[in-house]
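Dear colleague,

Please find below the structure that I am handing over to you, followed by an account of what was found in it.

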Amino acid sequence: MTKLMDIKGYWNMSGSFEFNDNDMWEGKILLDEDGWFEGIVVDPNSSYTEDRFIFGVYHPEKVIELFKFTPINVSAPFVFHGKRDAKGYDGEFETIGLFGAMPCGVSHIITQYAESVRENTEAETNELEKKIQRYKQSIMDETGKEFYDNSIAMRNSMCQIILRNYEGRGFTSEETQQIMEECQPVNDRVMTATEEEAKRLVKRMPNNLFEDDDLPF
């Protein structure tokens, strides 16, 4: 059964686990039984006032892997890694670029079940579902759609891998084969898209970017 949860995230780009409300986002998520979630958050102190889309894997009291997206012309996407501590989920966060993720700082995420602090959450759930669909249909750009679709294609594997890595449990040979079969088509698509984008970047470079005396090697 899907659960409605409140969520709030803090970040610090200096690498210090000290946080304040200036560098913060907050919103709600819908958590499924397998650990997959989707939701909408806002950055209260940002000049960009539209919704942000978050999704990923969350196993309560254990671990969270959260992707945060806006249109690429507003911000690069982020991924937040968090493991449970006494007050929430702490870990690093990274920006996601063409050639992978790059460390950006540290983060602290807190959550709570909506039904534990207020009654009649059905209307909130319905409203959140509408906001999620609105983002996917009206705000999500091609970069976000491609990443999201690839993640959905690997949803089962992602939910299992993140949980078992946290718990220190491995996979049987049969389970490993199943994961490879699920992930290989996505890997192939990503490799092809990366190669094509790299070629486009090279074509956009000026011909005189490197003079003879300034070769990059």
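Valine 106 is buried, its relative accessible area being 8%; buried means under 20% relative accessible area, exposed over 50%, and partly exposed in between, with a 1.4 Å probe and protein chains only. Please note that this is a predicted model, in which local features need pLDDT of at least 70, side-chain atom pairs count only at pLDDT 80 or more, and totals for chains, interfaces and linings use all residues. Residues are numbered from 1 along each chain as its sequence is written, and side-chain values use heavy atoms, with hydrogens and water left out.

Strand β8 (residues 100-113) holds valine 106; helices (H or I, at least four residues) and strands (E, at least two) are DSSP runs, numbered from the N terminus. Leaving aside residues up to four places away in sequence, valine 106 touches Tyr10, Trp11, Asn12, Gly15, Ser16, Phe17, Phe19, Gly91, Glu92 and Phe93, where contact means heavy atoms within 4.5 Å. Phenylalanine 93 is 13 residues from valine 106 along the chain, and their C-alpha atoms are separated by 5.5 Å.

**Overall composition**

The protein has four helices and eight strands, in the order β-β-β-β-β-β-β-β-α-α-α-α from the N terminus. Of its 217 residues, 38% count as buried. Among contacts with a separation of 6 or more, 50% are made by residues 24 or more positions apart.

**Nonpolar cores**

In soluble globular proteins, nonpolar side chains tend to be buried together. A nonpolar core is here a set of buried Ala, Val, Leu, Ile, Met, Phe, Trp, Tyr and Cys residues joined through side-chain atoms within 4.5 Å. The largest such core has 26 residues, and Phe53, Phe55, Phe67 and Tyr135 have the most contacts inside it. Two or more of its residues come from each of β3 (36-42), β4 (52-59), β5 (63-69), α1 (122-139), α3 (155-167) and α4 (173-204). The greatest contribution is that of α1, with four residues. Apart from this core lies another, of 18 residues, among them Phe37, Val41, Ile54 and Tyr89.

Phenylalanine 67 touches Phe53, Ile54, Phe55, Gly56, Phe78, Val79, Ile96, Phe147 and Met158, again not counting residues up to four places away in sequence.

**Helix α2**

The 12 residues of α2 (residues 142-153) should span 16 Å at 1.5 Å a residue, and the end C-alpha atoms are 16 Å apart, which agrees; the expected span is 1.5 Å times one less than the number of residues. Gly144, Tyr148, Asn150 and Ser151 are buried in α2. Seen down the axis, the buried residues of α2 fall within an arc of 160°, so they line one face of the helix; the arc is that of the directions from the helix axis to the C-beta atoms.

**Two loop residues with positive phi**

Glutamate 61, in the loop between β4 and β5, has a positive phi of about 70° although it is not a glycine. Glutamate 61 is exposed, with a relative accessible area of 51%. Asparagine 120, also not a glycine, has a positive phi near 55° and lies in the loop between β8 and α1. Asparagine 120 is exposed, with a relative accessible area of 70%.

With kind regards
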